[in-house]
Amino acid sequence: MRTQVAIVGAGPAGVLLSHLLAADGIESVVLETRSEEYVASRIRAGILEQSTVDLLTDIGLGDRLAREGDQHHGIYLQWPGERHHLDFVDLVGRSVWVYGQTEVQKDLVAAAHARSQAFVYEISDTALHDLETDRPSVTYTDANGASQRLEADVVVGCDGSFGPSRGAVPERVRRTWGRTYPYSWLGILADVAPSTDELIYAWHPDGFALHSMRSSSVSRFYLQVPNDTDVATWSDDRIWDGLATRLGHGQDGWELATGTITDRSVLPMRSFVQQPMRHGRLFLAGDAAHLVPPTGAKGLNLAVADVALLAPALTALLKGDAALADAYSDAALRRVWRCTHFSWWMTTMLHSNDDPFDRELQLSQLRWVASSRAGAAGLAENYAGLPIGF
Ligand code: RFL
Ligand code: PHB
């Protein structure tokens, strides 16, 4: 098989890239280890920043988002005895939307099917070849067990944190940075109306808690837990008690409503960056090149921002102009490092540990952000997201 762009990974980065390329008349094939249903049902991100919403709307994928998504003007920051609203629209003139990654993925895949996008699902043994030539290829075993080779002008690694693409950049040219945090998140989905109009990020001596949501009848919650926590040790009662304590049930009359828990899992927290994001005819986008802890709600948005830069760069490259492709890695990494810092900053400000000095610094920082317009505007600008290509 031959195509112009071989895209490894059918997550949001890969499918969005295929959409933007198709709009420019560039052909691509998307290769994926999982099934279409599996990818569409993975519960992940919940918050879209302004530029992600603008992009999806501009390319005609904003209808359901406008109908079913929920625009949020800000967030609440909380610590024992205090809850403060930060109004992003007032502070920086931008906002965010609650619209699950599952929904973004469904919209992207529906549009891909409508234009007869080529996908190959349920492949194994993915391997990248000849990336330093202008005839790169990807080999794999298809769902029937047959060996296949996809030849392309360009290969794009959108295969997330476990895919082979980032490791296909030779060690002599790649550099990586990373941090594993000493805590994880226990995430639950529950059939209960949110007890808040906007997200609550809560610092508490027992550990961080986040009240998020997916719709008017489904809430999403997270609790800071130690690394290697066994989800079986968290009964429903323990989860609801932990959330009630950390989110301040009873504080100023606020109450946490509980409901049936429909999903629970433990997620590790990592920061990771690999650069460059291009080597020869291989380009990396999304989680394949970088990971952020979820506290800043940046992972999906960063993947979208990478692809928004990459699509026009590849289109120009395939038409003979290499300037944008040559600039891609540096341009994308500017935003990657900004979001890496912001996610690390939110994470270290909000997750408690046993160190009394750290605790006072965290509370001092929270008080400053909540009471100073300059402090609040810094958080708001980063959370609502900088413009693509800032
Ligand atoms: P994905 O979504 O991981 O997709 C990569 C795809 O590549 C496939 N793949 C392969 N395909 C072919 N051959 C191989 N050898 C392959 N190996 C892997 C995988 O099966 C997969 O389908 O990466 P992408 O597209 O870069 O998108 C990134 C986002 O999914 C991720 O950053 C966000 O979900 C992160 N994230 C959040 N981001 C936000 O912006 N806001 C949030 O609120 C937020 N919450 C979260 C999150 C991630 C979570 N995780 C990872 C569990 C909450 C959670 C719980
Ligand atoms: C979510 O709703 O899944 C979510 C929201 C905000 C975050 C992380 C996750 O910072």
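In this predicted model, an oxygen atom of ligand 1 sits 2.9 Å from a backbone N or O atom of Ala13, a polar contact in the sense of a pair of N or O atoms within 3.5 Å (within protein, one must be able to donate a hydrogen and the other to accept it, and residues adjacent in sequence count only if both atoms are side-chain atoms). A polar backbone atom of Leu300 is 2.7 Å from an oxygen atom of ligand 1, and for an N or O atom in the side chain of Asn301 the figure is 3.4 Å. On its own ligand 1 exposes 1,000 Å², and the protein buries 86% of that (Shrake-Rupley areas, 1.4 Å probe; for residues, only the protein chains shown count as cover). Helix H1 (12-23), S16 and H8 each give two or more residues to the shell around ligand 1, with H8 giving the most, four residues. Helices are DSSP runs of H or I with at least four residues, and strands are runs of E with at least two, numbered from the N terminus.

Residues are numbered from 1 along each chain as its sequence is written, while chains are lettered from A and ligands numbered from 1 in the order in which they are written. Local features need pLDDT of at least 70 and side-chain atom pairs count only at pLDDT 80 or more, whereas totals for chains, interfaces and linings use all residues; side-chain values use heavy atoms, leaving out hydrogens and water.

Turning to ligand 2, an oxygen atom is 2.6 Å from an N or O atom in the side chain of Ser212, and a polar side-chain atom of Tyr222 also lies 2.6 Å from an oxygen atom of ligand 2. A polar backbone atom of Thr295 is 3.3 Å from an oxygen atom of this ligand. Ligand 2 taken alone exposes 280 Å², of which the protein buries 97%. Strands S15 (209-213) and S16 (219-225) are the elements giving two or more residues to its shell.

Arg335, in helix H9 (residues 323-350), is buried at 7% relative accessible area (buried is under 20%, exposed over 50%, partly exposed in between; 1.4 Å probe, protein chains only). The Arg335 side chain makes a polar contact of 2.9 Å with the side chain of Glu49.
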